[in-house]
Amino acid sequence: MIFYLGDLLQEHWGPARLLQSYTVLISLVLYIGFFVTYKILPKFYNILPHDRGREFTPGAEAAKGKPTGAGVIFITIFALLCILFVPLQFEQSGILLLTWLTMLTGFLDDRSTSSWGEYLKGALDLIISLSASFLLYYCTLKNSTDGNVYFWLPFVSHPLAVHPAVYILIGTILLWASINTTNCTDGVDGLSSTLVLIALITMGIIFYFILGHKDIAAYLLVPHIMDGAKWALMTFALIGVLMGYLWHNAFPSHVLMGDAGSRALGFFIGVLVLVSGNPLLILATSTVIFLNGGMGLLKVFLLRFFHISIFKNVRFPLHDHMKKNRGWSPTQVIIKFMIIQILITVAIIGLFFKIR
């Protein structure tokens, strides 16, 4: 809306053309998202459901009784910011709706007196992930000049055509894994949101300065994404609201995002990676998230369905192991995990974009 308003007003007031500058819009959504979330979120503390604690989780008593499900607030603010500032097309609108629905499924579980159960939540995640994969494939295909959808991969100079079934399978697995591993990482005040913030900043920069820039993309031998600036704008809108939430969630927290926040954030990270055309970029955004939460999911899966036991002496999520077995404080967990992720991100971005 604001983007198109700038087009209408610039004939009468020259500076209104700035409302069509993605640089200006990114700055606006970042700061507005932060300040609106920062101011509004505490007003909902009495309305939000309250954390009931987690069995067998170190430090769970500290979270018990705190307002949770704050994702319903900041993800809704994110959606409104996108509607107001992003010139949405069908693809972005569909992803925005699916992101909000992912949040909603998590919030309904947050406020339920009894857990929905892992199989129900897993099935809902599968439906949402499959829907997003179909949407992204066919929107990408529609914009293709030769009727093919491509992945670009590290160490290969030419993009590779991808069969629809392969794209949808990879996309569904990536999105499902991103949702659930991000959800599993949400167990230490500020940990999940800090790691997600690194992921979003990384992808926002990649979309705006590399994939969305025709000349730079050509120089680095990666496909140019015409809507790269739009995806960057949506990403920085989410960065803004997430920072507003993190202000209140920093250790010791006053509020928790709950499944409503972590699931939606994980979903959107997966979407950005899939839209980028290189599914391996998930390593640059979420390596620590996958190790922290994903290894626990793998451990349970192998034990339950194949009776194979791995990592017998390691507690998962990994942040619980570090607190319980290594004696790390919550602050040490956050800072050390953050350092590890930044080091991994810088190394992978350098490898993927320069060694082609």
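Mentor: Phenylalanine 305 is partly exposed, with a relative accessible area of 47%, where buried means under 20%, exposed over 50% and partly exposed in between, using a 1.4 Å probe and protein chains only. This is a predicted model, in which local features need pLDDT of at least 70, side-chain atom pairs count only at pLDDT 80 or more, and totals for chains, interfaces and linings use all residues. Residues are numbered from 1 along each chain as its sequence is written, and side-chain values use heavy atoms, with hydrogens and water left out.

Trainee: Which helix does phenylalanine 305 lie in?

Mentor: Helices are DSSP runs of H or I with at least four residues, numbered from the N terminus, and phenylalanine 305 lies in helix α12.

Trainee: How should I read the span of a helix, taking α4 as the case?

Mentor: The expected span is 1.5 Å times one less than the number of residues. Helix α4, residues 71-85, has 15 residues and reaches 21 Å from its first C-alpha to its last, close to the 21 Å expected.

Trainee: Is α4 mostly covered or mostly open, and how many of its residues are buried?

Mentor: Helix α4 is mostly covered, since 11 of its 15 residues are buried, among them Gly71, Phe74, Leu81 and Phe85.

Trainee: What is histidine 248 in contact with?

Mentor: Contact means heavy atoms within 4.5 Å. Leaving aside neighbours within four places in sequence, histidine 248 is in contact with residues including Thr37, Tyr38, Pro42 and His254; histidine 248 has its place in helix α10, residues 228-249, and is buried, with a relative accessible area of 10%.

Conventions. Helices (H or I, at least four residues) and strands (E, at least two) are DSSP runs, numbered from the N terminus.
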